Amino acid sequence: MKIKLARIDDRLIHGQVSTVWVKEARANRIIVISDEVDSDEIRKTLVKQAAPPGVKVNVLCVEKAVKVFNNPKYENEEVFYLFTNPQEVVKVIEKGIPIKKINIGGMQYRSGKTQITKAVSVDENDIESFEILKKLNCELDYRVVATDPKIDFEEKLKKYK
Amino acid sequence: MAMLVLVAHGELAKEMKNSAEMIAGELPEVKVVNFYPSEGFDSLKSKIEQTVSNENDILVLADLFGGSPFNAACAVLLEKRESNIEVVSGMSLPLVLEAMAQMNILTSEKLKNYLVKMGSDTVREFNEVLEEEDELD
């Protein structure tokens, strides 16, 4: 499997993703990797029906995603991975999927989280996961839309530690 | 490479651009002409003329076929044939996003044909029964 783009965006497939990021990724398949969405039939249906024209969408749990990644049948498949949180990105890398760069697009505010940029709110657990991602040599690329200037996401995280 | 102008009743064009920017990031190259209730046809037409003056290869996306923004853009087209102006109605968020994605690649004429062709594809229903799924294993 060829990973064209990996993004954390808890709105999953929405306007920014289906119009801009899909083109940026040039992938013919979006794989949503989320244990939670995989076990929620309503969210699963909603994600799949939002598939952009000509793009296949699958929702997989972490375990299944690793299995699919290692299946030689998909060696030449070009994919766009979507995650809802950094914890599952850590999990898939630790299980052998080589994600070199993670685009951080959206993590909505919930109570207990702190808003650190216009589109991202984090708690201690998230900060820890981002630190692990750095140690795993996974570049943190904070951009909500493709034309956003790159910002130093680690600096933003440090301020809230 | 086409220049894109949005023209519509009230502040629809301005807000259409704002909404498109929510999705695609800033779009400084997209121009907007608003048409206010207090305005007449001539004033609207001259605003469109000013926006497209000194430009060549222009696509005007208007909100409503036969409405004043559309008619005024057509009047400008007829008077300035040398500027390669094209006018399309049915302005919507998907059409604006498509137009901005293609404006740097296509001429206004090709962009017009493309938008007219894809227009009806942008109206889609929620379909709960999905096509047979392509399962991964």
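Author: The expected span of a helix is 1.5 Å times one less than its number of residues. Helices (H or I, at least four residues) and strands (E, at least two) are DSSP runs, numbered from the N terminus. The model is predicted, so local features need pLDDT of at least 70 and side-chain atom pairs count only at pLDDT 80 or more, while totals for chains, interfaces and linings use all residues. Residues are numbered from 1 along each chain as its sequence is written, chains are lettered from A and ligands numbered from 1 in the order in which they are written, and side-chain values use heavy atoms, with hydrogens and water left out.

Reader: How far apart are the end C-alpha atoms of α1(B)?

Author: Helix α1 of chain B covers residues 12–24. At 1.5 Å a residue, its 13 residues should span 18 Å. The model agrees with that expectation, since the end C-alpha atoms of α1(B) are separated by 18 Å.

Reader: Which handedness does the unit made by β1(B), α1(B) and β2(B) have?

Author: Strand β1 (residues 3–9) and strand β2 (residues 31–35) of chain B pair in the parallel sense over five bridges, where pairing requires that DSSP finds at least two bridges between the strands. A crossover is right-handed if, with the strands pointing away from the viewer, the path from the first strand over the helix to the second runs clockwise. The β-α-β unit of β1(B), α1(B) and β2(B) is right-handed.

Reader: In what order do the elements of chain B run from the N terminus on?

Author: Chain B has five helices and four strands. Among its contacts between residues at least 6 apart in sequence, 73% join residues at least 24 apart. From the N terminus on, the order is β-α-β-α-β-α-β-α-α.

Reader: Is D57(B) buried or exposed?

Author: D57(B) sits in the loop between α2 (41–52) and β3 (58–62) of chain B. Although D57(B) is not a glycine, its phi is positive, about 70°. Its relative accessibility is 12%, so D57(B) counts as buried.

Reader: What relative accessibility does N84(B) have?

Author: N84(B) lies in the loop between α3 (68–79) and β4 (85–88) of chain B. It is not a glycine either, yet N84(B) has a positive phi of about 55°. N84(B) counts as partly exposed because its relative accessibility is 40%.

Reader: Which residue caps the N-terminal end of α6(A)?

Author: A polar contact is a pair of N or O atoms within 3.5 Å; within protein, one must be able to donate a hydrogen and the other to accept it, and residues adjacent in sequence count only if both atoms are side-chain atoms. At α6(A), a side-chain oxygen lies 3.2 Å from the backbone nitrogen of N125(A). The residue that supplies this oxygen is D123(A).

Reader: Within what arc do the buried residues of α6(A) fall?

Author: The buried residues of α6(A) are D126(A), I127(A), S129(A), F130(A) and L133(A). Seen down the axis, they line one face of the helix, because they fall within an arc of 160°. The face turned away from them carries the exposed residues E124(A) and K135(A).

Reader: Which elements do the buried residues of α3(A) pack against?

Author: In helix α3 (residues 41–49) of chain A, the buried residues are K44(A), V47(A) and K48(A). They are on the same side of α3(A), because they cover an arc of only 95° around the axis. Their packing partners in chain A are β2 (29–33), α2 (35–38) and β3 (56–60).

Definitions and conventions: Buried < 20%, exposed > 50% of the residue type's maximum accessible area, 1.4 Å probe, protein only. Arc of directions from axis to C-beta. Contact = heavy atoms within 4.5 Å.
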